[in-house]
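Welcome to my notebook. I looked up a few things and jotted them down here.

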Amino acid sequence: MPHSAPIRPLADLLRTNAQRFATKIAYSDESSSVSYAELELRTGRLAGHLTSLGLGRGDRALIMLGNGVETVESYLAVLRAAGVGVPVSPQATSSELSYLLADSGARLVIVDVGRADEVRALVGPDVTVVVGGADAGSEALSVARLTTTPPAVPPADDLGLDEVAWMLYTSGTTGRPKGVLSTQRSCLWSVSASYVSALGLNENDRLLWPLPLFHSLSHILCVIGVTAVGASAHIVGAFSAQQIADELSTGRYTMLVGVPTTYHYLGREASRGGLDLTGLRV
């Protein structure tokens, strides 16, 4: 079992794991899955397209998607294009969204198809809107289309470990949310010291992930941690205690990550007929 995670650019780690675990499922959701080889290919394509669409080095890209494989692909593609990923809640109100767009200075927005028109009405002509979601197939600029079409330029894949890679917003409970900047090095050290060293996160782990992907815990563990060590994660959309219990009963998972509410509802499910935790170690 490894005692530390390599502190190397995430694009390098992704390429390495695409070679080591080519056909292994990296991420899945209720309707799709992607192997490590596919993840490297698809995010490279999307990154090249984002560059062609004008996302320059250090430009902010707002990611406003629900839980799913496309969200992870968008995270990694913005990084591979040398942009700064700005994950925000897909449930943000129009006023919250207006503030986040202005405060972040986003040059590009990746948004679920259901809110694409709303975003287009809020941004100017110099902001590009890319649409995600299962119903976005008719859109010219959709994640589904851009991940399956060869780009005119390759991914940059040259963002340094100490360059700004992400901007994550605080909750804003005592004022307006503030964007906190982070680098690959700081996030990978967190993975190495906390999740690999303390919890033994490794390539054999399969995570069951019901938490919102725009949260900082999801950012560090589900996106960066899983990708870095070559583990697998199954991403759940809307939380359902019964769905989580059913997934756990398959015995496929080694780790479940939740918040107190998650375990409260699972405890309730367990009291109604038991909860099979076979294989779960964390």
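Which helices and strands each supply at least two residues of the lining of the largest pocket? I found helix H4 (94-104), strand E7 (164-169), strand E8 (179-183) and helix H8 (216-229). Helices (H or I, at least four residues) and strands (E, at least two) are DSSP runs, numbered from the N terminus.

A note on sources: this is a predicted model, where local features need pLDDT of at least 70, side-chain atom pairs count only at pLDDT 80 or more, and totals for chains, interfaces and linings use all residues. Residues are numbered from 1 along each chain as its sequence is written, and side-chain values use heavy atoms, with hydrogens and water left out.

Next I looked up the space in the largest pocket, which is about 560 Å³. A pocket is an open set of points on a 1 Å grid over the protein atoms alone, where a 1.4 Å probe fits, with protein on both sides within 12 Å along at least five of seven lines; lining residues have an atom within 4 Å of a point. Among the 24 lining residues, Tyr-169, Thr-170, Ser-171, Pro-177 and Phe-214 are the closest to the centre of the largest pocket.

The second largest pocket holds about 390 Å³ of space. Of its 20 lining residues, Asp-29, Ser-32, Gly-68, Val-69 and Glu-70 are the closest to its centre. I saw that H3 gives the largest share of this lining, four residues.

Last, I checked for disulfides (pairs of cysteine sulfur atoms within 2.5 Å) and found zero. For Cys-187, the nearest cysteine sulfur, that of Cys-222, is 14 Å away.

Technical notes: Points joined across faces, edges and corners; volume = space filled by probe spheres on them.
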